[in-house]
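I'm opening my notebook on a structure that is new to me.

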Amino acid sequence: MEENKDLKSFSMPRIGDKAPEFRAVTTQGNIHFPNDYIGKWVILFSHPADFTPVCTSEFMTFSKMESDFNKANCDLVGLSVDGLYSHIAWLRTIKEKIQYKGMKDMEVKFPLIEDIKMDVANKYGMIQPGEDNTKAVRAVFYVDPHGIIRTIIYYPLSLGRNFDEIYRVLIALQTADKFSVATPADWRPGDEVIVPPAGSCGVAKDRMENEDENVHCYDWFFCTKKLDKEEIFKSILKK
Ligand code: BEZ
């Protein structure tokens with residue numbers, strides 16, 4: 001049977017997978033992903049197109065928050081299927097001309113990947129034909145210091161991302177790793193955390209019977225403890 005040469009292969013990486021490897025040209029030089037980021041967290045995110053309003057509001061917000069992500073040992077890497085010169089012109093326009101919600105003179109310092117052939121976008125399942133055949137959706141991949149995908153969030157083209165949530169997820173993942181806990185619904189640093197992580201119910205039953213004063217059990221399968229915001233940030237954030 002003759003192979004359809006127009007049919008591009010695509011994949012959908014999953015949580016727990018090793019982040020698919022690629023080399024790419026970016027606004028900050030060439031990168032080899034995830035190899036260049038081993039030892040750090042990295043958020044790889046896609047946007048549909050340069051010179052569009054929702055993406056512009058997102059890039060300005062990411063740029064405003066970049067130092068917060070960096071303090072949590074996390075780098076940002078953006079991607080769209082536009083070319084390098086479009087990226088450069090768009091980022092220059094943002095810096096020189098756009099004032100939005102008190103943000104102005106915003107310089108995007110993190111790399112923005114050019115992906116005209118959609119190689120990376122297809123590898124990461126960022127092209128979702130039901131939404132658009134030629135633009136990436138707003139995907140967010142959290143890759144840990146070992147190069148493992150830990151969280152994936154997808155938004156459609158019309159919906160700008162919530163950056164408080166994007167930061168909250170990073171801190172929650174790091175808190176879970178550092179303190180061997182899980183985080184309940186709507187958790188924010190300073191709220192109680194769940195001990196032990198879901199799935200270790202036998203340990204929770206022991207805890208309940210031992211009446212550990214730091215632990216509050218709602219039932220044998222649902223125990224929480226206090227974890228101070230200061231303790232979390234002291235162990236996670238760079239000085
Ligand atoms: C935007 O960023 O404004 C946008 C991009 C593609 C489709 C719809 C909106």
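**Entry 1: around the ligand.** I'm working from a predicted model. I listed the residues around the ligand and got Pro 48, Thr 52, Pro 53, Val 54, Cys 55, Arg 138 and Leu 157. By type, I sorted this shell into five nonpolar residues, one polar and one charged. Which helix gives the most to the shell? I found that H1, residues 53-71, does, with three residues.

**Entry 2: polar atoms by the ligand.** I went through the ligand's oxygen atoms next. At Thr 52, an N or O atom of the side chain sits 2.9 Å from a ligand oxygen. Arg 138 also uses its side chain, with a polar atom 3.0 Å from an oxygen of the ligand. For Pro 53 I noted a backbone atom instead: a polar one, 3.2 Å from a ligand oxygen. How much of the ligand's accessible area does the protein cover? I wrote down 79% of the 260 Å² that the ligand has on its own.

**Entry 3: H4 and H6.** Then I turned to helix H4 (residues 163-179) and helix H6 (residues 229-236), whose axes come within 10 Å. I read a crossing angle of roughly 85°, so H4 and H6 are roughly perpendicular to each other. On the H4 side, I have Tyr 167, Ile 171, Gln 174, Thr 175, Lys 178 and Phe 179 making the contact. H6 brings Glu 231, Ile 232, Phe 233, Ser 235 and Ile 236. Sorting the residues of this contact gave me six nonpolar, three polar and two charged.

Technical notes:
Residues are numbered from 1 along each chain as its sequence is written. This is a predicted model: local features need pLDDT of at least 70, side-chain atom pairs count only at pLDDT 80 or more; totals for chains, interfaces and linings use all residues. Side-chain values use heavy atoms; hydrogens and water are left out. A residue is near a molecule or strand if one of its heavy atoms lies within 4 Å of it. A polar contact is a pair of N or O atoms within 3.5 Å; within protein, one must be able to donate a hydrogen and the other to accept it, and residues adjacent in sequence count only if both atoms are side-chain atoms. Accessible areas come from the Shrake-Rupley method with a 1.4 Å probe; for residues, only the protein chains shown count as cover. Helices (H or I, at least four residues) and strands (E, at least two) are DSSP runs, numbered from the N terminus. Ala, Val, Leu, Ile, Met, Phe, Trp, Tyr, Cys and Pro count as nonpolar, Asp, Glu, Lys and Arg as charged, and the others, Gly among them, as polar. Axes are lines fitted to C-alpha atoms, for helices over the stretch in contact, and angles run from 0 to 180 degrees between N-to-C directions. Angles under 35 degrees count as roughly parallel, over 145 as roughly antiparallel, 65 to 115 as roughly perpendicular and the rest as oblique. Contact means heavy atoms within 4.5 Å.
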